[in-house]
Structure formats: structure tokens, C-alpha cells
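I went through the sheets, then the domains, then the ligand shell.

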Amino acid sequence: MEKHLTVGRVAGLAGVTVRTLHHYDEIGLVRPSARTAAGYRAYAAHDVERLREVLAYRRLGFGLREIAALVDDPATDAVAHLRRLRRLLLARRDHAAATVAAIDRELEARAMGIRTTPEEQLKVFGAQLYERIGSDYPATRRTEPRIAAKVWEALGDARTVLNVGAGTGSYEPPDRAVTAVEPSAVMRAQRPAGAAPCVAASAEELPFEDQSFDAAMAFSTVHHWADPIAGLREMKRVARRVVVFTYDACDPGRTERFWLTRDYLPEFGELLVDWPSLADLTAAVGGSAEPVLIPWDCADGFFEAYWRRPEAYLEEHVRRAVSVWTRVGPRAERRAVEALRDDLASGRWAERNRDLTALGAAELGLRLIVA
Ligand SMILES: C[S@@+](CC[C@H](N)C(=O)[O-])C[C@H]1O[C@@H](n2cnc3c(N)ncnc32)[C@H](O)[C@@H]1O
């Protein structure tokens, strides 16, 4: 017979009161599926699993009504909940780390008798990752015409295009009616004069009616979303065609095939743990994926762009325009850059990567999903 836990035992283990569990039962949030002979609530394994999800969303600040909708969604199984919770918690951790760094900077400034401005003091509390690093973005991030041509071709004959996670708009097609969506105020503020209109919103909740656009595109942004699958489904809901430039995080050779992650920054692999597979991303929009090779002189300075120009990674402004370097943390960044600098000086990098000089374009796991 299946093992059940009493309400008192569950409350003790979970660190909540019995009253809370009774309340969850009364509102239908977590209903224990059995009763003991004496009539007490008894929780089966799947009740405990649901309670665990409820408590985790609660800890993240979700309201009970929102949580009910999340845990009742038949399309989200226990693993999908765990993945989503993990990503939300990691985003919170990144935010806490940024706040600590900002406090340390202010303490240092105060110790030197410098007072920070009110704007500087408040900035970090409202900030998402791109609110912090976004101002360094335009230094090296711009349209790579050969990759843009692929994206625009994939948009087919779409006349109206939604660009989700649009940033400064590097890949917006100039000859169609584009609407941009971008949650970061710092990024929105850097859109060039005359750029397409931009709505402050997130991929996971697009403020548009079903099928309002001929196509929706997302370039180098899906890996920043709290819930990539939900965001992709939203794109599919609001547009007839979907085009996404992203990364195959489940490719078994992913850290091995790029010398930077293989030899200097293995921490990159940790950023990808629990990232949905390319198959999951593709299935969310019902499309297919094809590799996009990165030209050796790629004009857009994303993480993989300088695979044949290793000296670029020694440049602070190149790294600051790529979120990976912020996300691995300053210690890993310093170690990777110092090791690369040494290997470039000693000729070790050149020796190890001799084959690259003959290559005009490299397969580094970047993919175009089209649906
Ligand atoms: C690497 S930038 C890419 C910007 C632009 N697509 C480009 O290629 O230049 C990633 C962008 O995703 C945005 N972003 C982060 N979370 C998002 C979300 N949940 N929904 C939509 N965009 C998001 C960031 O604010 C940032 O502007």
C-alpha cells in the first residue's frame, strides 16, 4: 500500500503550520488524497510533490491564485516545474549577487569619502541583468549582415513582424512593419532614433491578441527568459510564423567544440544545466532547426563571435557586452582571461588551435529555429 504522511508530519517537514495546510486543502490548492482511520488528512507522494511546488512558488513571491493556475496547468509536469523553479531561483540569485556587488562598491566609495548619487544608489534594486549590463551593449553588438540575411529570409513574405527581446534592434528587417518587445528600460533607451516602436513587456506574457502578426522573431534572447517554453508558445500564439536564433545547449560536444569554453571557461557549461533542449524549444513552436555557422569576422560581438580572433576576449569592453561573462562571476572571468593572455603570449593557444586559421566559418552550436 502507498505510504501516506500525516498532516502534522508534513507540516513539520515543510516548516509550515498545520493551519496553512488546512487552508491549502480548503481552497483546493493541495488536497491530501486520503484520510487516516481516525479521519486525519493523509498526504500521498504526489500530494507532497504538489505541495513542494506550491511552497517553492510561494517562496518566490507568487500569490496563491497564480500558483493554483501554475500547478493546475496540465501541460507542465513535475520536471518542467522543477526546471522553471530552478531558473527563477537562479535569476534571483544573480540579482542578489548584483545587489551585493553594488553595496560593496558603495562601501568602497564611502570609505574613500565619495558619495554615490541617488540614481546610482537605487539603480540596482529595480534592475534585471540587462538593466545592469545593457549600457555596455552597443560597444560591440551590431547587425551581422550574413546572419541577418538568414533571419530575414526565414521571415518569408511576412509584412508585420514582432521582434521579441529586441534589445537595440540589430536584426529588425528594414523593409517590414516591425513592433519590438523589450523588458529592459536601459535597452529600450538605446534604440536608435527612428527604430520600430517598442513595447515594454516580456516574452512570457505578450500583450497582443492571437495571430496579430505575420511573423514573430527572437534573436539571441531566449536564454535570458525566465520561462523559454512559455515565451516561445506566446510567440506562436501571436504570430503565424516564428523565427528564433538560439543555441543548442544539449549538444553533447557543446563545451568541447569551442576552445574558449573547453580550455578557459568550463563554467559556461553550468549556465546551461536544465536549459531546455533544442528539441524542446523546437517542439514548443512546432518547427525545425538548422545550424548557423559563425563567420570568422562576425560583426556582432556575441559570445562566440571572436572564435578566430582570441585577443578580443582580453578586451574588457568586448566581455562587458556579453552576459555570459557577468553570469559566470568575476573570479571565473579573471582566471579565464589571465590563462588566455598567458597562452597567447607563449604561443600555446596558436599551437592548440592551429586548424582554425584555415576556417572561414565555424559551427559552434548556434541554431535558427523556424516554424
Ligand atoms: C543578448 S540581448 C539580444 C538583443 C537583440 N535581440 C539583439 O540581437 O541585439 C538579450 C535581450 O533579451 C532581453 N530579455 C531578457 N529577458 C527577457 C524576457 N523575459 N522577454 C523578452 N526579452 C527579454 C534583454 O533585456 C535583452 O535586451
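Predicted model: local features only at pLDDT ≥ 70, side-chain atom pairs only at ≥ 80, totals over all residues.

I then traced the whole sheet, which is open, has three strands in the order E1-E3-E2 and shows antiparallel pairing. Its edge strands are strand E1 (5-6) and strand E2 (34-35), each of which pairs on one side only.

Entry 2, the annotated region. I checked the UniProt record, an unreviewed entry, and it places the feature "domain: HTH merR-type" at residues 4-73. Over residues 4-73 I noted 59% helix and 10% strand, with the end C-alpha atoms 25 Å apart.

I followed an open sheet of seven strands in the order E6-E5-E4-E7-E8-E12-E9, and recorded its pairing as mixed. Strand E6 (198-199) and E9 are at the edges with a single partner strand each, so one side of each is left without a neighbour in the sheet. For a parallel pair I looked at strand E4 (residues 160-164) and strand E5 (residues 177-181), which are joined by five bridges; here Asn163 is bridged to Ala180 in E5.

Entry 4, the surroundings of E12. Strand E8 (residues 239-247) pairs with strand E12 (residues 366-370) in the antiparallel sense over five bridges, and I noted Ile369 of E12 as the bridge partner of Val244. Strand E9 (residues 288-291) is likewise antiparallel to E12, joined to it by four bridges, with Pro291 opposite Arg367 in E12. I then asked which strands helix H13 (residues 278-285) lies across. The helix H13 lies across E8, E9 and E12, and I recorded that it runs at about 20° to E12.

The domain assignment of the protein gives me domain 1 (5-72), domain 2 (78-127) and domain 3 (138-370). Taking domain 2 and domain 3 together, I found their C-alpha centres 24 Å apart, with a contact that takes seven residues from domain 2 and four residues from domain 3. When I sorted the side of domain 2 that touches domain 3 by class, I counted two nonpolar, no polar and five charged residues.

Which residues come nearest to the ligand? Of the 22 residues around the ligand, I listed Tyr130, Gly165, Gly167, Ala203 and Thr221 as the nearest. By class, I noted that the shell around the ligand divides into 10 nonpolar, nine polar and three charged residues.

Terms used: Residues numbered from 1 in each chain as written. Near = placed C-beta within 6 Å. Nonpolar A, V, L, I, M, F, W, Y, C, P; charged D, E, K, R; others polar. UniProt positions renumbered as here; feature names shortened; annotations may be inferred. Domains from an automatic or database assignment. Contact = placed C-beta atoms within 7 Å. Pairing = 2+ DSSP bridges. Axes fitted to C-alpha atoms, helices over the stretch in contact; angles between N-to-C directions.
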